[in-house]
Amino acid sequence: MSKTFDVIVAGVGGMGSAACYQLAKRGVRVLGLEKFEIGHAMGSSHGLTRILRLAYFEGTAYVPLVQRARELWIETGRLTGEPLFFEVGALDIAPEGNGIVEGALEASRLYGLEHELLDRDAIEARYPFTLDRNHIGLYQPQSGFVASERAILAHTALALHHGAQIHGCEAVLGWEPTAGGGVRVRTTQGSYEAGRLVLSPGAWIGKLVPALQPSTQVLLQTLGWFTPVRPSLFDVAHFPVFTLEAEEGGFYGFPLWQHPGFKLGSPHYAGEPYDADTPHREPSSRHLAQLRACLAKHIPGANGELLGLKACMYTMTPDEHFIIDTLPGHEQVIVASPCSGHGYKFASAIGEAIAELATAGRSRFDLSMFSLKRFS
Ligand SMILES: Cc1cc2nc3c(=O)[nH]c(=O)nc-3n(C[C@H](O)[C@H](O)[C@H](O)COP(=O)(O)OP(=O)(O)OC[C@H]3O[C@@H](n4cnc5c(N)ncnc54)[C@H](O)[C@@H]3O)c2cc1C
């Protein structure tokens with residue numbers, strides 16, 4: 001087995017699996033190293049699905065990246081014969097004037113995205129929500145969700161097809177620069193050398209790059225699946241993905257897909273900082289109570305018995321933007337984590353950006369917003 005590669009990717013989750021595929025597709029000799037099995041439920045990408053919104057209220061600068069990501073999800077789904085992106089539409093609901101719907105509207109207008117501005121009555125007439133008087137919404141028909149667990153396996157399969165080596169159950173213990181300007185990577189199974197190293201360990205970024213520990217905070221989030229009282233109201237043909245900003249907190253949810261339960265989450269749940277090396281992931285009963293409060297008031301048609309809970313990690317930066325940059329002082333090392341709880345939708349395009357950085361030293365995307373310089 002070869003021990004020398006062009007690029008080693010540490011962490012084969014959402015971002016790392018996409019990077020392995022994009023690198024291998026370009027003929028790069030790539031080794032992907034993953035500490036758990038490929039497609040596990042200990043990181044940030046499990047729970048079946050992730051929302052993809054084009055009209056990005058978090059910042060219009062994200063729109064070109066998410067547009068490219070959407071193209072790549074569709075293309076990759078075609079290549080593997082299993083769709084990865086589902087265009088069910090997305091609805092952002094928020095109190096008028098709080099900036100969310102206004103931000104999504106600005107992004108829609110700036111990039112000519114299809115959209116529809118809805119008042120509370122129009123939303124309630126169309127979908128099974130009970131809203132506050134000041135709620136408005138922006139509907140985006142070209143948005144939807146990505147099958148996140150399936151996508152990691154799809155990217156891995158394509159990377160293998162293009163000649164990548166992927167090692168599951170092999171943790172990276174450390175890395176060091178070599179005299180020739182490359183890197184030596186130590187793992188639980190041995191050591192490898194490469195010209196470049198991509199660090200995409202998600203919530204473990206502070207472990208592999210201790211200098212980033214102060215700029216990243218890991219939070220445990222709880223996702224719930226609830227028995228819909230009237231399932232037909234929430235099927236993929238009739239119900240979009242949504243975000244809902246309400247007095248009870250911020251929420252997001254999905255139509256029924258590959259699970260009989262209605263999936264609901266609440267972003268940025270302000271739990272205690274969490275250590276990614278904790279050996280178990282316990283869902284939070286306080287977080288569940290918040291989800292219940294949302295269902296009871298705003299989505300009563302989905303407020304049936306609990307079917308399941310999963311805990312999943314966010315890795316937050318202070319400004320909630322991502323980190324995609326070379327490591328200062330180590331230009332052969334690219335950091336592509338963390339994604340502040342909203343990164344999955346971009347993973348296909350971030351994989352492409354990483355491959356471009358690793359092979360050409362620059363990407364077609366403007367990555368300045370994700371630079372490490374902002375922390376210095
Ligand atoms: C509950 C929840 C809901 C979310 N909803 C959305 C959403 O709707 N839309 C959206 O766009 N985003 C969403 N996100 C955010 C998104 O899922 C994350 O940004 C994304 O999954 C991060 O991908 P990643 O590759 O950085 O992390 P991961 O997929 O966790 O991958 C990191 C990998 O690195 C591995 N690793 C770590 N350390 C080592 C090591 N030393 N050696 C080898 N391997 C290592 C890990 O085991 C893991 O497999 C959500 C996140 C959560 C938790």
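Lys and Arg count here as positive, Asp and Glu as negative, while His and the chain ends are not counted. Each charge is placed at NZ of Lys, CZ of Arg, CG of Asp or CD of Glu. On that basis the protein carries 31 positive and 38 negative side chains, and the centres of the two sets lie 4 Å apart. The model is predicted: local features need pLDDT of at least 70, side-chain atom pairs count only at pLDDT 80 or more, and totals for chains, interfaces and linings use all residues. Residues are numbered from 1 along each chain as its sequence is written, and side-chain values use heavy atoms, with hydrogens and water left out.

**Overall fold**
- The protein has eight helices and 19 strands; these are DSSP runs numbered from the N terminus (helices H or I, at least four residues; strands E, at least two).
- The radius of gyration is 20 Å, close to the 21 Å that the globule rule gives for 376 residues, so the protein is as compact as a globular protein of that length. The radius is taken over C-alpha atoms, and the rule is 2.2 Å times the number of residues to the power 0.38.
- The C-alpha trace spans about 65 × 45 × 45 Å along its principal axes.

**Burial, surface and contacts**
- Of the 376 residues, 60% count as buried (buried is under 20% relative accessible area, exposed over 50%, partly exposed in between; 1.4 Å probe, protein chains only).
- Among contacts (heavy atoms within 4.5 Å) between residues at least 6 apart in sequence, 73% join residues at least 24 apart.

**Domains**
- Domain 1 covers 4–45 + 149–211 + 320–375, and domain 2 covers 87–141 + 216–316. The bounds come from an automatic or database domain assignment.
- The domain centres, taken over C-alpha atoms, are separated by 30 Å.
- At their meeting point, 17 residues of domain 1 are in contact with 16 residues of domain 2.

**Two loop residues**
- L113 sits in the loop between α3 (100–111) and β6 (116–119). Its relative accessible area is 8%, so L113 is buried.
- Beyond its neighbours within four places in sequence, L113 is in contact with L54, A55, V63, Q67, A107 and S108.
- E37 lies in the loop between β2 (30–33) and β3 (49–52). E37 has 45% relative accessibility and therefore counts as partly exposed.
- C-alpha to C-alpha, E37 and V12 are 9.2 Å apart in space and 25 residues apart in sequence.
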